[in-house]
Amino acid sequence: MKFLRDRKVRDVLWQVLATVGLVAVVVFFVRNASDNMVKAGIASGFQFLWRDSGIEVPFNITGYKPSDTILALLWTGIVNTLLVSAAAVVVATIVGFTVGLMRLSHNWLLSTLAAVYVEFVRNIPLLFFVLFWYFGVLSALPTPKESYDFLGIAFLNRRGLSIPLPNDVTGFRLALIAILILIGAQIVLARWAKARQARTGRDFPTWLVGFVLCGLLPVAALVAAGAATSWDVPSLRGFNYRGGFVLVPEFVALFMALSTYTAGFIAEVVRGGIQSVRQGQIDAARALGLTPGRVVRLVVIPQAMPVIIPPITSQYLNLIKNSSFGAAIAYPEIVAVFMGSALVATGQAIEIIAITLGIYLTIGLAVSAFMNWYNARHRVVSR
Amino acid sequence: MRAARPPLPGWLETLRLRLFATPVDIVVSFLCLYVVWRISLPLVDWLLVEANWRGTSREDCTNAGACWVFIRARFAQFMYGQYPVPERWRVDLLGLLAVLAAMALSWRRLPRRREAAITALVVLPPLGILLLHGGWGTGLALVETREWGGLMLTLVLTFYAGLIAIPLGILLALGRQSRLPMIRFASIVFIEFWRGVPIITVIFLASLLLPLIMPTGFNVDRLARAVIGLAFVIAAYMAEAVRGGLQALPEGQVEAAQALGLGYWRITRLIVLPQALRIALPAMTNEFIALFKNTTLVLIVSIFDLLGIAQAALADPAWVGMNMEAYVFAGAIYWFACFGLSQWSRSREKRLQTAYGR
C-alpha cells in the first residue's frame, strides 16, 4: 500500500471513486425510472408537445385558445411569467431605490420608516404576501357594480383591474421607434460630450439634454400617439365590465407581492452600495469645490453602481424565479399551466419537469452572462 | 455670515438636528408623522381597541375590529394541524426536549459541551421522528405524516431540512474549492443547478420524481420528499455562504498548517472550517431564515404547515371572512421568528468583531 502515500495517485483515486459513485447513482435512478414508467405504461418522448392541449387559460396576451397545442400553452405560460416579472422588476426597482435612499436620510423619522418597511417585508415569507394580497385584499374588494372608479377610465373590483385599450396601435409603434432613436441619439451625444470634455475641458449639459431627449420627448410622443387613436374604455354592462383589458386579480396580487417584497431586498442592496463609498471620497470631492449634486453624480454614483449592480441583478433573477409563486393562486405562469395543468393532462412528468427547469436555467444563464459582461466593463480600477 | 445659533439644551438639540434641521426636513418630518398617524391609528384600532377577545363563536364578534375569538378557537390547529388530540403530548415533549437541549448547549460553561452537542445531534433527530410518527414497535400509536400540520410541521420541516442542508452545504463548498477537477466540477454543477431553479419547481419535482426513481414498491413519504427537495436547494445556497467564509480565510493559514505536516482533512477540520464557518455564520443564518420562510411552499403539494393551516381555516363555513385575522396571526409568528433569528445573528457578529478587535 506504499503507492497510496503518493499525492498524485491519491488524487486520481479520489476522482475515479467520485466519478464511479456518481455514475452508479445516476444509473440506479434512471433504471428505476424506466422500469417504473414501463410498468405505468407511460411512453417517453416529446411528441406530446404537438397535441391539442384542451386547457383553458383565463389570462393571456398571446391569443391562445384551448384548441391550440401544448407548445402554445407553454409559450403562453412563459409570456405570462415574463409579463408579471417585467412589471414587478420596474416597480421593485423604483420603490427599492427610494426606500434605500430614505434609509440613509439624516432625518430620523424618514430613515426609521424605511427601516420598518425593510424589516417588515424581509422577515415574512413571500407566499404569505401572495396569499394575503389575493385572499385578504383583492377578494375583499367590492363587486363590479360598486367598483373603485379611477377618472372614469379604469375600474378596480374583485374581478380585477379593467383598463382601457387603444383601438389602433400604429401611433404607439411610431412613438416606440421615435423613442429608440432618441435613446440612441442620447448615447451618441453623451459619448461626444465626454470626448470633448476630455479634449478641451469644456462641459456640456448632458443630463439636462438627456432629460429632454429621454424624458420629455418620449412622454410627448406617447401622449400624441394616445390622442391620435380612439380608446376602448371599459364600461359596465350587466354584471361586469366589458371592453378594454382586464388585469385579473391573480396578476394584480402576484405583481403587488413580488414588487413590494423584492423592493425590500433592493433597498438593502442600494444602502450597502452607497455606504461602501468611503467618506474620504466625498470629503475630497467637497474640498475640490464640487456642488452636492455633482458629488453625488460624479463621485458617489459611479463608485456605488458597480457594487450595487451585481446583487441587484441576482435580486431580479430571484424575482423571475419567485414569479412561480403564482402557481399557488393559479396565475397562469409556467409552473401553473405547464408543470401543473399540462402535466396532469399528459402524465409526461420527466419531460415536463426537464423543460420547465431548462427554461428557468436558461433565463438564469442569460442574466448571469449579462452580469459578467457588466462586471468586466465596469470594474473599478484600483490603484 | 450668519452667527451660529446657540444649541438648545440636551435632547431638544438632538431632536432639532435629527428632525427639524432644515425647512425641507421640517416638511418631510411632518409628512412622515402624518403617514405614521394614518397607518398606525386604524391598525391599532383594528388589532386591539376595537378587537373581540372573548367568546366561542363567530356571533360573539360584535365589535368592528379583529375577531381574535377565531384564533383562540383554532389555536390548537394552528399549532398541531390534524395531529390527533390524545397524542399531542408527544409533540410537546419533543419541543421541550429540543428547547432544553438548545438551552444547555448554549450555556458556555457546560462540562463536555462538545461531546454533549454531538450526542444531542445524533440522538435527537431519530428520536424526534420516532416520537412524532410512532409505530415501528415503539408502543406509541401510529400518526401518519399527513396528519401533521401547523407550526409543528413548519418547525419539523425547517429542522430536518436544515440538518441535511448544513453539512451538505459545507461539503459542497469544500468540493467547489477542491483542487481535484472532477470533484470541483460535480460540486459546481450541483450548486448552480439547484440555485438556478425556483424552489416551487423543486418541491414539485421531489414529490413527482422521487417515487419514480426509487425501486418499485419503495415508498418515499410525502413529507420526506418535501424535506429532501428543500434541503437540496438550501444546501446549494448554504454552500455559497460557506464559500464566502472559505475565501475570506488568509492563504497563510493553510500553508502554515501544511508546513506543520497536517493532511487535508485535518487542516480542513482543525484550521479551515472553525475559522471559515465563524466568518460565514451571518450569511448562513440568512440562508437558514430563507429556509424557514420557504417551508411555506409545501402548501403547493397539499402539506399544511402554519400558513397552509391558516389558509385551510378560511374554508371553514363557521368562520367565514376571517382572512385578515388568520393571516395576521400566521404572519406575526413568521415575522417574530425571522426577525429574532436575524437579530441574534447580528448581535453575535458584533460580539465577535469586538472580540477580535476589528
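Which residues are exposed on the other side of helix 4 of chain B? They are Trp89(B), Asp92(B), Leu93(B), Leu96(B), Val99(B), Leu100(B) and Met103(B). The model discussed here is predicted.

**Helix 4 of chain B**

Helix 4 of chain B runs over residues 88–106. At 1.5 Å a residue, its 19 residues should span 27 Å, and the end C-alpha atoms are 27 Å apart, which agrees. The buried residues in this helix are Arg90(B), Val91(B) and Leu94(B). Viewed down the axis of helix 4 of chain B, the buried residues fall within an arc of 105°, so they line one face of the helix. An α-helix has 3.6 residues a turn, so residues three or four places apart point the same way. The cover over the buried residues of helix 4 of chain B includes helix 3 (68–80), helix 5 (113–133) and helix 6 of chain B.

**Domains**

Chain B is divided into three parts: domain 1 (24–52), domain 2 (67–83 + 143–355) and domain 3 (84–142). The contact between domain 2 and domain 3 of chain B takes 9 residues from domain 2 and 10 residues from domain 3. On the domain 2 side, helix 6 (residues 150–176) of chain B gives the most, with 3 residues. The residues of that side divide into 7 nonpolar, no polar and 2 charged.

Chain A is divided into domain 1 (2–41) and domain 2 (83–167 + 230–324).

| Pair of domains | Separation of centres |
|---|---|
| Domain 1 of chain A and domain 2 of chain A | 47 Å |
| Domain 2 of chain B and domain 3 of chain B | 19 Å |

**Contact between the chains**

Chain A gives 42 residues to the contact, and chain B gives 43 residues. On the side of chain A that touches chain B, the elements that give two or more residues are helix 1 (7–40), helix 3 (108–122), helix 4 (126–137), helix 9 (292–322), helix 10 (334–346) and helix 11 (349–378) of chain A. Helix 1 of chain A gives the most to this side, with 12 residues. By class, the side of chain A that touches chain B has 26 nonpolar, 11 polar and 5 charged residues.

Val26(A) lies in helix 1 of chain A. Is this residue buried or exposed? Val26(A) is exposed, because 11 other C-beta atoms lie within 10 Å, and a residue counts as exposed at 12 or fewer. The C-alpha atoms of Val26(A) and Gly358(A) are separated by 19 Å, and the two residues are 332 residues apart along the chain.

**Helix 10 of chain A**

A straight helix of 13 residues would span 18 Å at 1.5 Å a residue, but helix 10 of chain A spans only 16 Å between its end C-alpha atoms. Its buried residues are Ile334(A), Val335(A), Ala336(A), Val337(A), Phe338(A), Met339(A), Gly340(A), Ser341(A) and Ala342(A). Helix 10 of chain A is followed by Gly347(A), whose phi is positive, near 75°.

**The largest nonpolar core**

The largest nonpolar core has 154 residues, of which Val130(A) and Leu254(A) touch the most other members. Helix 9 (residues 222–248) of chain B gives the most to this core, with 16 residues. Not counting residues up to four places away in sequence, Val130(A) touches Ala253(A), Leu254(A), Ala257(A), Phe325(A), Ala328(A) and Ile329(A).

Definitions and conventions
Residues are numbered from 1 along each chain as its sequence is written. Chains are lettered from A and ligands numbered from 1 in the order in which they are written. This is a predicted model: local features need pLDDT of at least 70, side-chain atom pairs count only at pLDDT 80 or more; totals for chains, interfaces and linings use all residues. Domain bounds come from an automatic or database domain assignment. Two residues are in contact if their C-beta atoms, placed from the backbone, lie within 7 Å. Helices (H or I, at least four residues) and strands (E, at least two) are DSSP runs, numbered from the N terminus. Ala, Val, Leu, Ile, Met, Phe, Trp, Tyr, Cys and Pro count as nonpolar, Asp, Glu, Lys and Arg as charged, and the others, Gly among them, as polar. The expected span of a helix is 1.5 Å times one less than its number of residues. A residue is buried if 20 or more other C-beta atoms lie within 10 Å of its own, exposed if 12 or fewer, and partly exposed in between; C-beta atoms are placed from the backbone. The arc is that of the directions from the helix axis to the C-beta atoms. A nonpolar core is a set of buried Ala, Val, Leu, Ile, Met, Phe, Trp, Tyr and Cys residues joined through C-beta atoms within 7 Å.
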